[in-house]
Amino acid sequence: MDLPRNEHIATVEGVDVDVRHWIGGERVASDRTFDDISPIDETVIARVHAAGADEVDRAVAAARAAFPTWAALGVAGRAAILRRVAEGIEARIEDLARVETRDNGSLIRSHRRGVMPRVAMNFRAFADFAEHKLSHPDMEVPGRGHRQRISYDPAGVVAIITPWNAPLMLATWRIGPALAAGNTVVVKPPEWAPLTASLLADIMHEAGVPDGVFNVVQGTGAEAGAPLTAHPGINRLAFTGSVPTAGVIAKAAAENIVPLSYELGGKSPLVVLEDADLDLAVEIAVEQFDNAGQVCLKAARMLVHSSLVEEFTARVVAGAEKLVQGDPREEGTDVSALISRRHFDQISGFVDRALADGATALLGGGPNEDLGGLYFRPTILVGAPEDAEIMTEEVFGPVVTIQSFETEEEAVAKANDTRFGLAATLVTGSKEAAERVSAQLDAGTVWVNCFFVRDLEAPFGGNGKSGIGREGGLWSFDFYTDIKNSVFSPGGWKE
Ligand code: NAD
């Protein structure tokens, strides 16, 4: 069992993690800590220093102090340093993977092969992109005789608040472009999985990121998050998390007129048309249990043409039944545990109420009694009434519903019958239907005959309650910069 080694360092899976904050290029202690509990076995793996308003003030001040020099370094200078950060991440993929897996219970094999390499890409891609797109000092738009020079100026200090389900990936997706654009950053990682943010601070330091450019304050939402969102010294607020928290944060940001970028929850559909490749549809459906279903983009509502629904359902149940549930540190594990006891109880409550509302569980429906702890069985529900809670609320666990439809119009209406609009997945054998139906689906991302493909240069975000704004490529820089138009008169010069 891993236990804290001393009050500053926790050794987690053989990796030393400093549990203090990282502010202004140094480790800063608090007089309070919170317990970081691993979902794998509910043991305390670290006692992490807990920030309040004082530490947040200090971090914002450090970021403000570092801003002019970092901004003045220019795109190429910053890009060179951020590429070294990417290399530093690549050199520590195994450490990052082990710590993230222990901290939030996600699969080590996903981290080794996909997530951590992507974390490095979040720096390299945005460094490249900034260098190619933002370094043109004379990006111009036509004017009526005047020259109009467009520049993307850094905005200042960016506050970044992230959730626990993919902490390092989601944080760096914001940190990469924010730093590349010339801002400085204060990150508040999730209290359920804070550790990889601390390792990232080490990597940043070793890569030569100047003191104060990147800061980490750890703590709960109420004690560390709230003072950060309300801080008058921040210029942008990037939040990934739940809708209720987003509402609270918006009020704080409104007070200081701080622009927000929100990536929130979802209740996304998977639409399987009559002409779909059933093998592909089943494969995509079974994928929805990845990360124990704790994925914002997950297709939680499966809508299947009536002619296919019986076979689809039987095959998805059979596929999900074969998934291996267990310790995520094992390469062979497919489904792990839920993040916390509180979350486990919430998921159990959703499923119990769905069953009471008339749904039937064709698979799962409760805890995995063989494993105990926080392991909840992959659960497939059918027969829930359209207006049941399970059909409308984000569950954020290994739970999906299957419904059928008769016509394409009905499929689209059901798919769009949600206050969210993060993603939608469509499986069809017809190019025409692909074009027609994808155009009608109300979501920030629509996947056709694929799932989870995300290019860093493409826009990403949600409609409705799933978010505000888009990031990715130039859309990220639209948010993390102050775009300026300098209008030059054709005359008036002393040549
Ligand atoms: P959450 O809203 O409970 O917490 C997210 C972060 O906000 C945490 O760091 C938390 O400490 C902080 N926070 C909580 N209260 C705060 C306050 N009053 N002021 C400032 N910060 C506060 O969300 P969660 O449970 O950690 O994450 C799950 C949610 O995140 C789901 O709804 C999921 O869909 C969503 N999510 C969205 C995306 C996306 O890209 N759209 C990605 C991943 C997760």
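Residues are numbered from 1 along each chain as its sequence is written, and side-chain values use heavy atoms, with hydrogens and water left out. As the model is predicted, local features need pLDDT of at least 70 and side-chain atom pairs count only at pLDDT 80 or more, while totals for chains, interfaces and linings use all residues.

**The two domains**

Begin by colouring residues 9-264 together with 466-484 as domain 1, and residues 268-448 as domain 2. These bounds come from an automatic or database domain assignment. The C-alpha centres of the two domains lie 31 Å apart. Their contact (heavy atoms within 4.5 Å) takes 22 residues from domain 1 and 28 residues from domain 2. Together, domain 1 and domain 2 bury about 2,200 Å², with 53% of it on carbon and sulfur atoms. That area is the accessible area (1.4 Å probe) that the two parts lose on being put together, summed over both.

**The nonpolar cores**

Next, select Phe123, Ile175, Phe214, Phe312 and Ile390. Within the largest nonpolar core, which has 122 residues, these five touch the most other members. Such a core is a set of buried Ala, Val, Leu, Ile, Met, Phe, Trp, Tyr and Cys residues joined through side-chain atoms within 4.5 Å. Buried means under 20% relative accessible area, exposed over 50%, and partly exposed in between, with a 1.4 Å probe and protein chains only. Helix H4 (residues 108-133) gives the most to this core, with ten residues; helices (H or I, at least four residues) and strands (E, at least two) are DSSP runs, numbered from the N terminus. The core draws at least three residues from each of domain 1 and domain 2.

Zoom in on phenylalanine 123. Leaving aside neighbours within four places in sequence, its contacts include Leu82, Ile89, Ile175, Leu179 and Met204.

**Helix H1**

Select residues 53-72, which form helix H1. What distance should separate the end C-alpha atoms of H1 at 1.5 Å a residue? The 20 residues should span 28 Å, and the 29 Å found between the end C-alpha atoms agrees. The expected span is 1.5 Å times one less than the number of residues. H1 bends by about 40 degrees at alanine 66, and proline 68 follows within four residues. The bend is the angle between axes fitted to the seven residues ending at a residue and the seven starting there. Among the buried residues of H1 are Glu55, Val56, Ala63, Phe67 and Trp70. Just after the helix, glycine 74 takes a positive phi of about 85 degrees.

**Glutamate 100**

Move to helix H3 (residues 93-104), where glutamate 100 is found. Is glutamate 100 buried or exposed? Its relative accessible area is 1%, so it is buried. Beyond four places in sequence, glutamate 100 is in contact with residues including Ser106, His111, Met116 and Thr196. The C-alpha atoms of glutamate 100 and histidine 111 are separated by 8.1 Å.

Select threonine 162, in the loop between strand E9 (157-161) and helix H5 (167-180). At 6% relative accessibility, threonine 162 is buried. Phenylalanine 239 is 77 residues away in sequence, yet the two C-alpha atoms are 6.2 Å apart.

Then select helix H8 (residues 243-255). Its 13 residues reach 19 Å from first C-alpha to last, close to the 18 Å expected. Ala246, Ile249, Ala252 and Ala253 of H8 are buried. Their cover includes E9, helix H7 (221-229), strand E12 (236-240) and strand E13 (260-263). After H8 comes isoleucine 257, with a positive phi near 55 degrees.

Select asparagine 291, in the loop between helix H9 (278-287) and strand E15 (299-305). Asparagine 291 has a positive phi of about 55 degrees although it is not a glycine. In the loop between H9 and E15 there is also alanine 292, whose phi is positive as well, near 50 degrees. Alanine 292 is buried, at 1% relative accessibility.

Finish at proline 367, in the loop between strand E16 (360-363) and strand E17 (379-382). Proline 367 is partly exposed, with a relative accessible area of 33%. Beyond four places in sequence, proline 367 touches Phe344, Tyr375, Phe376 and Arg377.
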